[in-house]
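Trainee: Could we go through this structure together, taking a helix and its surroundings step by step?

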Amino acid sequence: MPLQCSAQGCKYHDKTIPREKGITFHRFPHRDSNRLWIWVMNMNVGKWMPKARTLLCSRHFTPDNFEMYKGKTRLKHTAIPTIFVFPEDIPQPPEPEDNTPKRKNLFSNCLYSMAK
């Protein structure tokens with residue numbers, strides 16, 4: 001089963017990201033209900049609850065949330081994900097300007113030229 005990040009809008013999964021990129025995947029802390037609640041609240045997904053094998057990728061954690069253990073980088077047991085981009089945070093492109101030529105009001109142009 002492929003590893004895939006469950007954060008809203010995150011497209012990272014192990015099929016598209018080579019291991020050299022340093023992206024890792026981490027399970028939710030189901031054994032620590034307080035931390036689990038904080039993780040879910042930070043994700044801003046409403047009443048959704050992760051399953052036992054639901055994952056978040058390392059892009060949602062700050063560098064200080066990681067530690068070296070036996071030559072490998074791992075998530076600290078106190079880590080809290082804080083880096084998320086929500087749809088309302090994504091800058092929207094500006095509305096396109098209406099560059100279509102406006103029809104000139106011939107009647108008002110005629111009146112204007114007659115008044116001269």
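Trainee: In which helix is isoleucine 38 found?

Mentor: Helices here are DSSP runs of H or I with at least four residues, strands are runs of E with at least two, and both are numbered from the N terminus. Residues are numbered from 1 along each chain as its sequence is written, the model is a predicted one in which local features need pLDDT of at least 70, side-chain atom pairs count only at pLDDT 80 or more, and totals for chains, interfaces and linings use all residues. Side-chain values use heavy atoms, with hydrogens and water left out. On that basis, isoleucine 38 belongs to the helix that covers residues 33–43, namely α1.

Trainee: What relative accessibility does isoleucine 38 have, and into which class does that put the residue?

Mentor: The classes rest on relative accessible area with a 1.4 Å probe and protein chains only, where buried means under 20%, exposed means over 50%, and partly exposed lies in between. Isoleucine 38 counts as partly exposed because its relative accessibility is 33%.

Trainee: Which residues form a nonpolar patch on the surface, and with what accessible area together?

Mentor: Patches are made of residues with over 30% relative accessible area and no salt bridge, like charges being joined within 9 Å and nonpolar side chains (Val, Leu, Ile, Met, Phe, Trp, Tyr) within 5 Å; the areas come from the Shrake-Rupley method with a 1.4 Å probe, and for residues only the protein chains shown count as cover. One member, methionine 41, lies in helix α1 and counts as partly exposed at 44% relative accessibility. The patch consists of Trp37, Ile38 and Met41, and their accessible area together is about 320 Å².

Trainee: Why can the buried residues of α1 be said to line one face of the helix?

Mentor: The buried residues of α1 are Arg35, Leu36, Trp39, Val40 and Met43. Seen down the helix axis, they line one face because the arc they fall within, taken from the directions from the axis to the C-beta atoms, is 135°.

Trainee: Against which strands do the buried residues of α1 pack, and which exposed residues does the face turned away from the buried side carry?

Mentor: Taking contact as heavy atoms within 4.5 Å, the buried residues of α1 pack against β1 (25–27), β2 (55–57) and β4 (72–75). On the face turned away from the buried side, the exposed residues are Asn34 and Trp37.

Trainee: How many aromatic pairs does a search of the whole structure find, and what kind of pair do tryptophan 39 and phenylalanine 61 make?

Mentor: Rings of Phe, Tyr and Trp (its six-membered ring) pair if their centres lie within 6.5 Å, and planes under 30 degrees apart count as stacked, over 60 as edge-to-face and the rest as tilted. The search finds four aromatic pairs. The rings of tryptophan 39 and phenylalanine 61 have centres 5.3 Å apart and planes at 65°, so the pair is edge-to-face.

Trainee: Which parts does the pair of tryptophan 39 and phenylalanine 61 tie together?

Mentor: Tryptophan 39 and phenylalanine 61 are buried. Since tryptophan 39 lies in one part and phenylalanine 61 in another, 22 residues apart in sequence, the pair ties together helix α1 and the loop between β2 and β3 (66–69).

Trainee: What is phi of asparagine 44?

Mentor: Asparagine 44 follows α1, lies in the loop between α1 and β2, and counts as partly exposed at 43% relative accessibility. Its phi is positive in a residue other than glycine, near 55°.

How values were computed:
A salt bridge is a side-chain nitrogen of Lys or Arg within 4 Å of a carboxyl oxygen of Asp or Glu.
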